[in-house]
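Please look through the model below before reading my comments.

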Amino acid sequence: MHFQSLATFFFSCWLASTALISTAQADDRLRIVTDIAPVHSLVSMVVGDDAAIDLLVPPSQSPHGFSLKPSQVRAISNAQLVIMLSDDFTPGLSRHTDALNNDVVVVQLSDTAQAHENRNVEREYSEHQDAEHDDHAHDKHTDDQHTWLNVENAIAWIDVIEKAAIMADAQSQTRYQENSAKAKADLTALHQRIQTQLANLADKKYLVYHDAYQHFATGYALATPIAIALSDARAPSAAKIKAIQKQVSAASCIFSEQQHDDAIVDMIASGQSIKRGMLDPMGSRFDTGPAHYSNTMLELANSFSQCLSD
Ligand SMILES: [Zn+2]
C-alpha cells in the first residue's frame, strides 16, 4: 500500500497490527525493513533505538544485481514498516512488498519526494546527449534513480520517514520529531559543506562507471556525468564505448566504483593521460547506522574534489 493512501486506513489497520505484535515478538519495538544502506542510515537518524531496522542490501554489494535471501524475505513479511528508495531499484523487491498485508506501511522515497526532479534530470540529460553526440542508437533517456546522492532529497525524505514512523508507532512521536529536526539541521549543514567544497568545478568534465551521479551533479553544480554503464549498471554497447572513448581526452578524471569491476574503466582509460578516481555511492567502508549517510556523502565529495581539482 502506498504511503499516501495509507493515512486514510491507518487507524483500523493499526488495531489489527498491534494485536499481532504483542503475541509474536519479545522485542516489541517497531520493525522496519530498508533496502539500501543510505536509506537505512536516514531511517536510523529518525527512529534511533526506538525501532529495529533491517537492511536488505549490504553496502559492499551492488543493489542492481542483488537477490534476497530467504531470511530477508521473512524479515520483509514480518515488517510493520518498509522504507525503500523504490521497489524497482533492487530487483525482485517489489514481488515481496506487493505481497504484504494492507496493514504494513510501505514508503517509496523516490516516489514521494523525487518524481518531479527525476523527470527534469531525465529531460535535461536526454537533450544534452542528443546535442553532444550524434549517437541515437542507445540511451535515448536515462533513469537515474540514485536520488540519495543529492542531500536535498535526503532532507525532504526525513519528513516522510518521520510521518511514516509516527503512523506505525505513535507512542514514540515526540522522539521521532526531535530526532527528525536534528537530522534535518545536520543534513542541511552537510549539503552546504559539500556545495562549498565542490564550488568552481562546474567546467570539469568527468567519466563515471555507471549512470548514477546525475542527482549528485545537479545538487553540487558539477558537469553532467559521462556514464559508461547504464543506470542499472548494465554494460554499454560497443558503439557507446567508442563514443565514450572520444570524450576521454577532454575530461579531467575517470571514476571507477567500489561495487563494480574496474575492467571496462581500465580499457577506456588505457593509453590516455587521465586522472583516476574511485567512487563509493553505497558507503561500503562505513559502518551502517546514523552516521553512514554523512560519511558516504563526504567521502564522495572528497573523491570528486581530489580528482577534478588541478
Ligand atoms: Zn547504481
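The numbered points below start with confidence and then turn to the fold.

1. This is a predicted model, with an average pLDDT of 85 for the protein. A pLDDT of at least 70 is reached by 82% of the residues.

2. Two stretches call for caution. Where pLDDT is low, the predicted coordinates should not be read in detail.

3. On overall make-up, the secondary structure consists of 11 helices and 8 strands. The protein has 310 residues, of which 42% count as buried. Among contacts with a separation of 6 or more, 65% are between residues 24 or more positions apart.

4. The largest nonpolar core contains 79 residues, and Ile 32, Leu 81, Val 82 and Ile 83 have the most contacts inside it. Helix 6 (residues 151-168) is the element that gives the most to this core, supplying 9 residues. The core lies between domain 1 (3-112 + 147-190) and domain 2 (194-308), because both give residues to it.

5. Which residues does Val 82 touch, leaving aside those up to four places away in sequence? They are Val 33, Ile 76, Thr 97, Val 104, Val 106 and Val 107.

6. Helix 11 (residues 292-308) has 17 residues, so at 1.5 Å a residue it should span 24 Å; its end C-alpha atoms are 24 Å apart, in agreement. Buried residues in helix 11 include His 292, Tyr 293, Met 297, Leu 300, Phe 304 and Leu 308.

Conventions. Residues are numbered from 1 along each chain as its sequence is written. This is a predicted model: local features need pLDDT of at least 70, side-chain atom pairs count only at pLDDT 80 or more; totals for chains, interfaces and linings use all residues. pLDDT is the predictor's confidence in each residue, from 0 to 100. Helices (H or I, at least four residues) and strands (E, at least two) are DSSP runs, numbered from the N terminus. A residue is buried if 20 or more other C-beta atoms lie within 10 Å of its own, exposed if 12 or fewer, and partly exposed in between; C-beta atoms are placed from the backbone. Two residues are in contact if their C-beta atoms, placed from the backbone, lie within 7 Å. The expected span of a helix is 1.5 Å times one less than its number of residues. A nonpolar core is a set of buried Ala, Val, Leu, Ile, Met, Phe, Trp, Tyr and Cys residues joined through C-beta atoms within 7 Å. Domain bounds come from an automatic or database domain assignment.
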